[in-house]
Amino acid sequence: MTSPPRAEPVVTDDLAGWIAARRRAVEDALDRAMPAETTWPATIHAAVRYSLFAGGKRIRPLLVLAAAEAVAPPGLDGAAEAMPLACAVEMIHTYSLVHDDLPAMDDDDLRRGKPTSHKVYGEAIAILAGDALLTRAFHLMADIPADAANDTVRRRLSAGAVLGEAAGTRGLIGGQVLDLESEGRTIDASTLERLHRAKTGALLSACVRGGAILAGASAADIERLEAYGAAIGLAFQVVDDVLDGTADAAALGKTAGKDEAAGKATYVSVHGLDRARAVADGLLADAHAAIAPFGERARILAGLADMIVRRRS
Ligand code: GRG
């Protein structure tokens with residue numbers, strides 16, 4: 001069955017301006033957080049920077065900052081409080097891509113429109129570049145000024161724990177294990193959902209939860225944002241599956257149609273294209289409903305959810 005063309009995404013000037021400004025701030029903070037390419041040992045710093053600055057969309061850092069800004073009380077700069085997490089989560093995301101592309105995992109040649117890390121630096125350095133990114137993420141979260149207030153220290157530890165949980169064996173790594181074990185097998189819809197909630201959803205959810213924690217959100221607000229994060233976390237992967245089956249490599253910046261070719265279950269193979277799109281739309285509605293109580297304060301989060309579900313790459 002063919003699907004009707006989808007409406008163009010509505011990225012308002014307000015949202016586009018916010019995204020451009022925050023992306024710049026994230027690029028600067030990431031640049032400051034990583035040793036220069038010439039710093040000893042130069043090979044590893046060049047490899048880390050090659051992948052970290054390869055043109056990622058920075059969706060995760062944007063979610064961290066948007067959540068923090070939505071809940072920060074007057075007088076607190078939510079984005080400044082949350083910037084270490086915004087950088088840390090992008091480092092972890094980049095490490096996972098570098099390792100996922102390795103011959104022992106997905107064995108991919110193209111990522112973010114460029115040759116993958118191991119193609120440029122060799123396998124050993126690519127493994128170490130991933131390790132370095134993961135290590136630096138938690139170093140950054142723990143790097144708290146000695147004179148920081150108790151509240152700041154507590155929030156940083158708590159956000160660090162949220163990040164560790166999402167990146168760990170019940171999140172990103174667990175999802176990757178389930179993915180590897182599912183290869184070449186028929187899996188049912190609930191296993192597929194579990195896989196994606198862990199592999200993709202956990203980290204995206206942690207962005208929102210961690211950003212809110214760093215800005216001092218109440219437990220009730222954290223719970224609302226948690227529901228938003230869970231919905232967009234899964235929606236992100238459903239849309240990724242749809243794009244993997246419908247877009248080309250030039251638009252995606254990575255090999256397209258690879259999951260299908262490898263016999264991997266995707267939302268499209270399990271549910272069909274139209275149903276997969278309907279699932280994404282339903283999750284988008286859930287995300288909007290979860291943040292409705294925030295009213296105007298959640299307008300950027302609402303816009304990011306629309307962007308995630310309506311994106312073309
Ligand atoms: C190696 C522990 C470990 C995990 C790997 C990241 C990953 C798990 C697999 C890569 C393949 C995949 C489908 C991941 C799901 C998450 C996803 C869609 C990543 C791409 O995220 P984008 O679109 O990428 O935000 P950019 O490049 O824009 O940052």
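A: Begin with the naming of elements: helices (H or I, at least four residues) and strands (E, at least two) are DSSP runs, numbered from the N terminus. On that scheme P41 sits in the loop between α1 (13-33) and α2 (42-52). The model is a predicted one, in which local features need pLDDT of at least 70 and side-chain atom pairs count only at pLDDT 80 or more, while totals for chains, interfaces and linings use all residues. Residues are numbered from 1 along each chain as its sequence is written, and side-chain values use heavy atoms, with hydrogens and water left out.

Q: What kind of peptide bond joins W40 and P41?

A: The bond between W40 and P41 is cis, with omega about -10°.

Q: How do I read a nonpolar core, and which residues touch the most other members here?

A: In soluble globular proteins, nonpolar side chains tend to be buried together. A nonpolar core is a set of buried Ala, Val, Leu, Ile, Met, Phe, Trp, Tyr and Cys residues joined through side-chain atoms within 4.5 Å. Buried means under 20% relative accessible area, exposed over 50%, and partly exposed in between (1.4 Å probe, protein chains only). The largest core in this model has 90 residues, and L63, M91, L225, Y228 and L304 touch the most other members. Helix α10 (residues 219-246) gives the largest share of this core, 12 residues.

Q: What is Y228 in contact with, beyond its neighbours in sequence?

A: Contact means heavy atoms within 4.5 Å. Leaving aside neighbours within four places in sequence, Y228 contacts L63, V208, A287, A290, I291, L301, L304 and A305.

Q: Where is V71, and is V71 buried or exposed?

A: V71 belongs to helix α3 (residues 59-71). V71 counts as buried because its relative accessible area is 9%. Not counting residues up to four places away in sequence, V71 touches A212, A215, A217, D221, L225, F294 and R297. V71 and S218 show how sequence and space can be read together: they are 147 residues apart in sequence and 8.5 Å apart in space, C-alpha to C-alpha.

Q: How far from an oxygen atom of the ligand is a polar side-chain atom of K57?

A: The distance for K57 is 2.6 Å. A polar side-chain atom of R60 is 2.7 Å from a ligand oxygen, and an N or O atom in the R112 side chain is also 2.7 Å from an oxygen atom of the ligand. The ligand on its own has 710 Å² of accessible area, and the protein covers 92% of that.

Q: What is the phi of R112?

A: R112 has a positive phi of about 50° although it is not a glycine. R112 lies in the loop between β1 and β2 (114-115), and is buried, with a relative accessible area of 17%.

Q: Where does D107 lie, and what is its phi?

A: D107 is in the loop between α4 and β1. Its phi is near 55°, a positive value in a residue other than glycine. D107 is partly exposed because its relative accessibility is 42%.

Q: Which residues does D101 touch?

A: D101 is found in the loop between α4 and β1 (110-111). With residues up to four places away in sequence not counted, D101 touches D107, D108, R111, T116 and H118. D101 has a relative accessibility of 2%, so it counts as buried.

Technical notes. A polar contact is a pair of N or O atoms within 3.5 Å; within protein, one must be able to donate a hydrogen and the other to accept it, and residues adjacent in sequence count only if both atoms are side-chain atoms. Accessible areas come from the Shrake-Rupley method with a 1.4 Å probe; for residues, only the protein chains shown count as cover.
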